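Open the model in your viewer and keep the selection tool at hand. The tour goes from stop to stop.

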Amino acid sequence: MSEKATALLLNPGGYDPQQFDPETRRLLRATIEWFEQRGKRKLVEDYHDRTFYADFIEFAGKEGLFSTFLTPGANAEGNTDKRWDTARIAALSEILGFYGLNYWYPWQVTILGLGPVWQSANEAARKRAADSLAAGGVAAFGLSEKEHGADIYSSDLVLTPDGEGGYRANGSKYYIGNGNCARTVSVFGRIEGVEGPDQYVFFYADSEHPNYRVVKNVVPSQMYVAEFELNDYPVSEEDILHVGAEAFSAALNTVNIGKFNLCFGGIGMSTHSLYEAITHAHNRVLYGKKVTDFPHVRREFVEAYARLVAMKLFSDRAVDYFRSANADDRRYLLFNPITKMKVTTEAQKVIGLVADVVAAKGFEADTYLAMSKNDIDGLPKLEGTVAVNLALIAKFVPAYLFAPQAYEPVPTRSDAADDEFLFRQGPARGLSKVRFHDWREAYAKASAIPNVARFTEQAEALVKLFTDAAPDEAQQQDLDFGLALTELFTLVVYGQLVLEQAEITGIETEVVDQIFAVLVQDFSVAAIDLHGKSSSTEAQQALALASIRKPVVDADRFDHVWSLVRDLSGAYAMNP
């Protein structure tokens with residue numbers, strides 16, 4: 001299959017990502033080979049038996065997988081294969097998602113656990129983390145608590161001065177991935193007797209310390225998501241990572257770094273699910289016809305494929321902005337929560353669509369789809385809920401829509417560079433000052449594509465709504481109304497990066513048109529939702545209804561995209 005859209009989809013057969021250096025390619029291929037040799041039977045058995053993934057952590061340690069991919073250059077001790085390279089981190093996140101959320105998860109929470117360490121100026125702690133990784137260790141992010149969730153203003157884990165220049169930590173953390181086995185645990189708490197921002201602290205803990213007690217696994221899963229307690233846990237100066245406002249920013253900036261990987265986990269899960277579903281459906285006969293001869297089945301597959309390709313296009317382009325970020329270009333701060341909020345909810349839709357097609361087959365214990373259906377709803381809820389990320393996205397609306405500034409074009413970034421800026425993002429504020437290039441440029445370049453043109457009409461209608469019927473003060477405090485409005489805005493940003501990456505990769509026009517047929521429908525649905533909000537004004541209702549469009553229908557385009565989906569039948573099946 002030479003079609004460029006299909007070539008975007010991960011296929012373990014013959015996988016060799018030529019854009020990367022030899023050691024990166026070796027490790028990515030070795031990861032695929034480990035899963036394939038282990039086989040699907042073992043994969044699904046361990047899933048349903050809730051077997052802890054100790055064998056995967058052992059494999060990763062033996063290969064130096066996490067150490068190579070997650071040690072920044074500053075702590076690599078001259079090993080040029082070690083660096084924090086977002087492009088290859090994304091590639092591994094997609095591969096691990098492809099084989100299941102339970103294998104992506106220990107990788108993800110290791111990334112989070114390392115975030116506060118790599119942002120710290122504490123050289124002893126940094127070396128300790130690097131040595132732990134090199135020895136095959138994993139990390140954990142000790143932020144959330146049972147009673148407060150991720151509300152870092154309300155931490156009940158308290159550090160009490162011990163009178164000898166150190167502290168004793170007491171309290172518990174909840175929902176902490178890898179909390180049972182991590183040698184590097186970044187723990188957030190507050191210092192007793194200190195008020196205001198100066199009370200916050202991040203410190204380094206170790207799950208093997210006798211004063212660190214694992215209470216239980218809080219989820220019924222292969223994943224170990226720990227509740228742990230610290231009882232008079234000794235914290236020395238060498239354990240302190242951040243204090244005061246710096247600790248607060250380190251927490252938020254770590255989530256900025258970590259949430260990016262959720263989209264690629266969802267892409268991997270969606271891709272494997274699509275392969276399994278089309279192979280099953282295209283080879284099944286019901287009522288004397290192939291299942292894929294039914295029009296509604298073809299529609300669902302084409303929509304799933306279009307959504308999946310769009311997910312991949314947007315996320316791959318977001319990598320470039322992430323890697324090219326600097327103090328004067330922080331556009332990634334908008335694209336990042338969209339990868340988290342939008343791409344993961346798109347993964348839910350893709351898996352839901354193919355599950356509808358295969359029906360009862362998707363419940364069978366020996367299918368990947370039974371696993372992905374059960375797990376996919378978790379992704380939009382990790383590292384901030386959809387609502388939290390939509391609220392964050394809303395902060396960028398005025399600058400994005402109305403105050404563009406010129407930037408040099410951001411290149412494709414698959415080079416072997418260390419993305420060290422991510423660990424010096426600085427204070428987690430000033431989002432309203434971030435500026436963007438003109439979003440209309442990408443849409444203008446693709447204006448000859450019928451559904452891009454139609455979607456552009458809807459985007460301009462949104463601009464008119466903000467101009468002529470902007471939310472009043474009360475509506476700005478109405479989160480329900482604001483989230484509906486931000487959903488429309490998110491679609492415009494999403495479409496922009498899809499178009500940028502489609503141009504870079506030369507994706508077929510028919511596929512781009514089909515993607516935007518889906519986005520036109522999505523915008524219309526979101527506009528109707530806004531119209532129905534209790535606080536919407538008559539002017540806003542009228543403008544919302546005026547933005548509703550029907551996608552441009554083209555049977556030849558649809559048939560072409562369907563042929564791409566049909567050809568995925570049998571293209572991949574996991575080694576038994």
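The expected span of a helix is 1.5 Å times one less than its number of residues. Keep that rule for the helices below. The model is a predicted one.

**Stop 1: α18**

Select residues 479-505, which make up α18. This helix has 27 residues. From first C-alpha to last, α18 reaches 38 Å, close to the 39 Å expected at 1.5 Å a residue. Now colour by burial, with buried meaning under 20% relative accessible area. Of the 27 residues of α18, 20 are buried, so the helix is largely enclosed by the rest of the structure.

Go to the N-terminal end. Aspartate 478 caps α18 there. One of its side-chain oxygens lies 3.1 Å from the backbone nitrogen of aspartate 480.

**Stop 2**

Show the surface. The second largest pocket has a volume of about 810 Å³. Which elements give two or more residues to its lining? They are α1, α6 (86-99), α9, α10 and α18. The largest share, five residues, comes from α6.

Select Ala7, Leu8, Gln19, Lys312 and Asp316: of the 29 lining residues, these lie nearest the centre of the pocket. Colour the lining by class. You will find 15 nonpolar, eight polar and six charged residues.

**Stop 3: glutamate 303**

Stay with α10, which holds glutamate 303. Is this residue buried or exposed? At 17% relative accessibility, glutamate 303 counts as buried, because the cut-off for buried is under 20%. Display its contacts, leaving aside neighbours within four places in sequence. Glutamate 303 is then in contact with Leu353 and Val518.

**Stop 4: α21**

Select residues 555-566, helix α21. Its 12 residues should span 16 Å at 1.5 Å a residue, and the end C-alpha atoms are 16 Å apart, which agrees.

Look at the start of α21. A side-chain oxygen of aspartate 554 reaches to within 3.0 Å of the backbone nitrogen of aspartate 556.

Now pick out the buried residues of α21: Arg557, Val561, Trp562, Ser563, Leu564 and Val565. What covers them? The cover includes α1 (4-7), α9 (245-282), α10 (295-323), α16 (450-468) and α19 (509-531). Show these helices together with α21 to end the tour.

Technical notes. Residues numbered from 1 in each chain as written. Predicted model: local features only at pLDDT ≥ 70, side-chain atom pairs only at ≥ 80, totals over all residues. Heavy atoms only, no water. Helix = DSSP H or I, 4+ residues; strand = E, 2+ residues; numbered from the N terminus. Buried < 20%, exposed > 50% of the residue type's maximum accessible area, 1.4 Å probe, protein only. Contact = heavy atoms within 4.5 Å. Polar contact = N/O pair within 3.5 Å; in protein donor to acceptor, adjacent residues only side chain to side chain. 1 Å grid on protein atoms, 1.4 Å probe; cavity = no way out; pocket = protein on both sides within 12 Å on 5 of 7 lines; lining within 4 Å. Points joined across faces, edges and corners; volume = space filled by probe spheres on them. Nonpolar A, V, L, I, M, F, W, Y, C, P; charged D, E, K, R; others polar.
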